[in-house]
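This briefing covers a few local features of one protein structure. Please keep the sequence and the 3D view open while reading.

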Amino acid sequence: MSVESYILRLQKEKNPGVGGTLILGMLSALETLYRRGVISRRQKEMAGAETASIPVISVGNMTAGGTGKTPCIIRLTGMLKQSGHRPAVLTRGYRGKLEKNGGIVSDWSQVLLPAEEAGDEPYMMAVKMPHVPVLVGKDRNASAEKAIAMGADVLLLDDGFQYWRLNRDLDIVLIDCTNPFGAGHLLPRGLLREPLDCMKRADVFVLTKSDQVTEKEKQEIIRKIREIHPKAPVVESHHTPTGIIEYHAWKRKEEVSAEEGRGRKAFLLCGIGNPDSFNRTAEELGITVTGTMYFPDHHHYTVDDIRAAERRARETGAEILLTTEKDIVKIKEASEIPLYALKIEMKFTGDGEQCMNELISRVFGV
């Protein structure tokens, strides 16, 4: 078990024991320092924030780890294109080679960079969103200038809630229903990236994976949001599996069928922020999960990793190895056991689609 996984588990323990209590005490001291630092940096950066010449829509969250930002970005991009706009996506490119200096992952016609340079999520977005520029770099202001010069008329700021150097016209905050408020503590004691009262900056909240919790749990999340921000709309969404696709077929960008995975026995392999959600989504498609191998978020796979997963898959009687699209972009060779990726898409439920369209329209003064 990684240190990260151990701490995450410890945060959820009701009786962590003597050793666990000591560790949590040390993490609480570090949490105090983190709080001071993040508040100071936010105040400084917001005071000098720049305004782009075109609208900026931020998609972010309050917690570290996966809340579904990438599927949301992809869904919003589709909505913007359907309305006749020319969106570009600005993302950090975490752990990609161009994270520091920046680069253009894709333009209006083609993918320009490999996953190693772009980072896993930017590359995946570029592949899944043809004809939409994706730009990487810690300096999103510089990326904004490049995107505007390329002809974009709206910017989607990926993981933007804690990027304070660029003003935005719409702040969308995602709340993962399966782990909504990061154990109620800031990093590293919990998973919160800012104090919860910072949610007041949001214009709309999107509950992700709202179908993976009970109605009572969902209403408690909404109640907590309303305590902090009584007026902002709350929209629900599901991460819906659309099927699984074999490694080589994914590389060729072929279509998938939901029936392809139904009834298959799969060993799960991933390095994402919320692996338990991946497990639930696979089972929702009718897949029988025989075992799992979880790595830290943004893990870079080696041949040894794949061979270890193959051994575990055989021991559990799996027919296939199943990973995420975010992970498969970093796997350079197919395994001896058939390797598949689970494809998902975000869907707004109820009147969520209408609400989001109305908010986007206001950004453009419609």
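The model is predicted. Two packed helices are described by the angle between their axes and the distance between the axes.

**Helices H3 and H12**
- Helix H3 covers residues 69-82 and helix H12 covers residues 352-363; their axes come within 11 Å and cross at roughly 65 degrees.
- The crossing of these two helices, H3 and H12, is right-handed.
- On the H3 side, the contact is made by Arg75, Leu76, Met79 and Leu80.
- On the H12 side, Glu353, Met356, Asn357 and Ile360 take part.
- Sorted by class, the contact between H3 and H12 has five nonpolar residues, one polar residue and two charged residues.

**Helix H10**
- Helix H10 has 14 residues, 303-316, and at 1.5 Å a residue it should span 20 Å.
- The end C-alpha atoms of H10 are 20 Å apart, so the span agrees with that expectation.
- Buried residues of H10 are Asp305, Ile306, Ala308, Ala309, Glu310 and Ala313.
- Gly317 follows H10 and has a positive phi, near 80 degrees.

**Cysteines**
- Zero disulfides are found in a search of the whole structure.
- Cys355 is in no disulfide, and its nearest cysteine sulfur, that of Cys72, is 12 Å away.
- Cys355 has a relative accessible area of 16%, so it counts as buried, the cut-off being under 20%.
- Cys198 is also buried, with a relative accessible area of 6%.

Terms used: Residues numbered from 1 in each chain as written. Predicted model: local features only at pLDDT ≥ 70, side-chain atom pairs only at ≥ 80, totals over all residues. Heavy atoms only, no water. Axes fitted to C-alpha atoms, helices over the stretch in contact; angles between N-to-C directions. Helix = DSSP H or I, 4+ residues; strand = E, 2+ residues; numbered from the N terminus. Left-handed = near helix turned anticlockwise from the far one by under 90°. Contact = heavy atoms within 4.5 Å. Nonpolar A, V, L, I, M, F, W, Y, C, P; charged D, E, K, R; others polar. Expected span 1.5 Å × (residues − 1). Buried < 20%, exposed > 50% of the residue type's maximum accessible area, 1.4 Å probe, protein only. Disulfide = S-S within 2.5 Å.
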